[in-house]
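Subject: Structure for you to look at

Hello,

Here is the structure we talked about. My notes follow below it.

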Amino acid sequence: MKKVTVVLQKSPFNTLRNSEALRMSLGLTLANNAVRVVFVRDAVYSLLPAKPDEIKSPAFGRHIEMLNTLKCRVVAEKESIEEKGIGEIKYNIEVKDRKGVIELIKDSDSVITY
Amino acid sequence: MSYELKEKKQRLGILLTTSPESENTFTVIKLTEAALSSERDVHIFLMCDGVYNINDRNFVSLLDKGVIITLCAHNASERLLEKREGINFGSQYDLAYIVNESDKFLSFT
């Protein structure tokens, strides 16, 4: 099994790319891949209890929930959460410090940054 | 009877998600040519605006050199791109297998 880590870095509300990256992450589970998704920097805004569909932005929440259902690791960087002042996180995710995120990336066979 | 043991070719997988305006296209073309010259198989997957690379003559010329190019048909359909000969209109399922079966995988996003 290959360990594949997808790293999201951008804010979700000015691009479709986060939603596409999450769709891709789900797709990656179709082969023998252990998929991990990591939210860093502005991408942690994706974890807020927001309603992106109300501004006609793709509803990416269902992708995160499906990754949970498929037992994929979904991780957010602690430093990014603190820096952006994210209080309430809507999804079931792991919070790791920067060192932990770096270890996760180092432990990967492939890394896809988005 | 003698058996010739052939060494399995190394496989390079590439994900390209940016349109041809990005320098990524040039980088991918040159990197692919270098990989081919060192006897590697190359499989490129296009998604997001990367699907527009099928309009780039230099990029598409990689097909003649033996490169396999697959794209996300969903993204191509969103951008009203029509099917092209030689290019596989596939899905994320294809990307999952490219990532899984490549010896090295690079993403240009």
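Two strands count as paired if DSSP finds at least two bridges between them. Helices (H or I, at least four residues) and strands (E, at least two) are DSSP runs, numbered from the N terminus.

This is a predicted model: local features need pLDDT of at least 70, side-chain atom pairs count only at pLDDT 80 or more, and totals for chains, interfaces and linings use all residues. Residues are numbered from 1 along each chain as its sequence is written, while chains are lettered from A and ligands numbered from 1 in the order in which they are written.

Chain A, around strand β2:
- Strand β1 (residues 2–8) of chain A runs parallel to β2(A), joined by seven bridges. Lys2(A) has Asn33(A) as its bridge partner in β2(A).
- Four bridges link β2(A) to strand β3 (residues 73–77) of chain A, again in parallel. Here Phe39(A) sits opposite Ala76(A) of β3(A).
- From β2(A) the chain crosses to β3(A) through helix α2 (residues 61–69) of chain A, in a right-handed β-α-β crossover. Right-handed means that, with the strands pointing away from the viewer, the path from the first strand over the helix to the second runs clockwise.
- β1(A), helix α1 (residues 17–28) of chain A and β2(A) also form a right-handed β-α-β unit.

Chain B, overall:
- Chain B holds four helices and five strands. Their order from the N terminus is β-α-β-α-β-α-β-α-β.
- The C-alpha trace of chain B spans about 55 × 25 × 25 Å along its principal axes.

Best wishes
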